[in-house]
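This report looks at how parts of the model pack together.

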Amino acid sequence: MAVTNNALDVTAEKTTPVGRQQRWVARLTPSWMIGTALWWVIVLGFMLFFVVPVLWLLLAPTKSDHSLVHEFWLSVGGWTDLSTAWNHLLAYQDGVILTWLGNSLLYSLGTMVIAVIACMLAGYGLAVMEFRGRKTILLLTMIVMMMPNAVLVLPLYLQAELMGTAGTPWAVILPMAMYPFGVYMVFIYYSTNLPRSIIDASRIDGCNEWGTFTRIALPLGTPAVALVSFFSFTSSWNNYFLPFVMLPQTDQYPVTVGLNNLLTSTPAFNPTVGSSGLSIYRPELALATLMAVVPVLIIFLFNQRALVSGMLAGANKE
Amino acid sequence: MLFVLPYVLLLALFGLFPVGYAVALAVSTPEGGFAGVANFVAVITDYRLPDSLVNVGAYVLIWLLALMVFVVGLALLTHQRFHGFSKVARFAFYLPGALAGSAAVLVWMFMLDPTVSPAAGLLNAVGIETFTQSTAPGHLALIFAVIAFWTGAGGWIVIMYGALNNIPTDLVEAAQVDGAGPLRIAWSIQLPLIRKWVAYMLIISFATGTQLFVEPQLLASATFGGVSESWSVNQLSLIYAFQYGDFNRAAALNVGLLALALIVAVFVIGKVKLFDTEA
């Protein structure tokens with residue numbers, strides 16, 4: 001294998017039968033090698049930045065507080081420490097963590113079901129029908145979609161106080177089910193993937209509007225249903241501000257707000273709290289955090305494709 | 001028409017109505033009379049507001065700079081070579097998005113606690129020995145920017161990567177034939193062609209950044225006064241509503257934030273024309 005730097009000669013490359021290898025060698029210029037070295041340093045460096053905290057969180061609950069402090073961070077603990085942390089966490093306010101997780105599930109699933117129904121119907125209607133006010137609804141959808149969720153939280157709270165709905169699950173479920181991003185995704189989906197001719201054909205065959213939707217559009221729209229479900233579920237599961245403001249009682253908290261409650265009663269970050277026999281230390285706190293993110297983490301791991309295509313919903317339209 | 005009804009009802013009840021109600025409260029007295037601009041004057045002259053504005057401003061500035069440099073940089077790098085590994089890398093960047101919200105704040109509190117942090121060596125190297133030193137008031141804007149970057153950058157990298165994929169390959173190939181190196185191609189061809197997406201990212205992130213709430217609120221609870229309860233503007237408006245029960249002034253402060261978000265949204269839709277859906 002006569003591989004030397006002389007292979008830089010690009011003109012020779014195309015004439016030889018082993019062109020592929022030659023071409024590869026031809027790229028081995030000093031600047032290419034420096035570039036590659038830099039590439040790995042930067043990309044691996046950022047991968048560490050993004051992944052190490054996640055790894056730490058996965059490992060921490062398997063260790064005792066003592067080994068968290070004294071052992072190398074990548075060391076793996078054992079079942080004993082994990083079950084100790086689990087028992088301590090369950091003992092906290094009679095297993096309120098399970099109530100929080102249940103609440104999170106209830107709020108997120110409730111939101112998801114309503115959002116999917118409303119978004120599929122509206123996205124379809126906006127994509128295939130002409131009616132008065134259609135443009136206004138589209139414009140409003142985009143405006144609200146562009147506005148950060150947090151800005152509506154206080155107005156929603158004031159409204160709930162006015163109507164007396166503050167403190168009920170509906171005060172978080174219904175506002176979160178108002179999901180313009182989902183409507184926009186479904187609208188884009190049907191605008192680009194549902195040929196008009198199919199709809200016209202079904203109408204000619206005697207289907208009414210509702211029949212066309214349930215028999216034609218909905219079966220073809222399962223990818224859109226999946227997208228809206230994922231995004232709506234994850235965003236409501238992770239929502240903190242709205243339930244924090246709306247739900248005053250500890251047993252109504254979703255787990256995101258529950259974590260805050262745990263934080264205020266542990267000496268993990270503030271020794272002045274003192275150990276009131278609560279046994280919530282760093283491993284317990286890490287376990288609670290992990291339990292709080294597991295559903296979304298699983299969705300992320302197994303639905304990468306769908307999530308990425310959803311993020312690109314706008315980009316593809318370009 | 002009936003198809004859009006459920007959504008329109010939701011939009012009217014939980015989008016338009018609360019906004020209208022907030023505006024109405026902002027120009028009213030607690031007794032229901034007309035207050036003019038009195039509530040606005042009261043919140044603007046609040047002694048805590050300048051601090052909150054400076055805090056949020058510093059946070060947004062650091063965050064946007066980080067997004068602009070690193071998101072664009074990493075999208076370009078992973079678009080350029082080693083496509084198999086780049087895919088893995090992009091997923092790694094994206095993964096922390098699953099921890100958005102309070103979980104991310106907790107994870108980063110651990111990361112900033114020198115006794116348990118994997119980066120304890122780094123923290124010690126810059127002279128930080130305790131969690132209290134880590135979360136000193138001067139560090140908070142940077143910390144919140146790091147958390148926001150950690151959870152959100154991956155999604156933007158994926159979007160930028162998609163935008164880079166939309167650039168016709170013959171354009172890049174023509175430049176290569178003309179002898180342009182990767183840096184030259186990135187600077188003269190790829191960057192100008194994804195500029196619109198970079199602008200979009202910065203504008204949207206600016207709007208989100210001004211609404212900062214979860215991070216300072218959680219850190220304030222964990223440190224018991226170590227972090228000011230009115231660190232961000234949104235926290236201040238919540239103090240008005242919860243601690244003083246003064247819904248009118250809370251609404252006035254929020255209307256300011258609403259107006260900002262609305263201007264940004266209308267600007268993006270009108271000017272950047274990213275969502276030209278009727279094409």
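The model is predicted. In chain B, Trp156(B), Ile159(B), Met160(B), Ala163(B) and Leu164(B) of α8(B) meet Gln190(B), Ile194(B), Trp197(B) and Met201(B) of α10(B). By class, this contact has 8 nonpolar residues, 1 polar residue and no charged residues.

Now the geometry of the pair. Helix α8 of chain B spans residues 140–165, and helix α10 of chain B spans residues 182–209. Their axes come within 9 Å and cross at roughly 145°. The crossing of α8(B) past α10(B) is right-handed.

Next, the domains of chain A. The domain assignment gives domain 1 as 5–89 and domain 2 as 93–317. Domain 1 of chain A puts 13 residues into the contact, and domain 2 of chain A puts in 12 residues. On the domain 1 side, the elements that give two or more residues are α3 (30–59), α4 (65–70) and α5 (79–91) of chain A. The largest share of that side, 5 residues, comes from α5(A).

Last, the chains. Here 77 residues of chain A are in contact with 84 residues of chain B. On the chain A side, the largest share is that of α3(A), with 13 residues.

Methods:
Residues are numbered from 1 along each chain as its sequence is written. Chains are lettered from A and ligands numbered from 1 in the order in which they are written. This is a predicted model: local features need pLDDT of at least 70, side-chain atom pairs count only at pLDDT 80 or more; totals for chains, interfaces and linings use all residues. Axes are lines fitted to C-alpha atoms, for helices over the stretch in contact, and angles run from 0 to 180 degrees between N-to-C directions. Helices (H or I, at least four residues) and strands (E, at least two) are DSSP runs, numbered from the N terminus. A crossing is left-handed if the near helix is turned anticlockwise from the far one by less than a right angle, and right-handed if clockwise. Two residues are in contact if their C-beta atoms, placed from the backbone, lie within 7 Å. Ala, Val, Leu, Ile, Met, Phe, Trp, Tyr, Cys and Pro count as nonpolar, Asp, Glu, Lys and Arg as charged, and the others, Gly among them, as polar. Domain bounds come from an automatic or database domain assignment.
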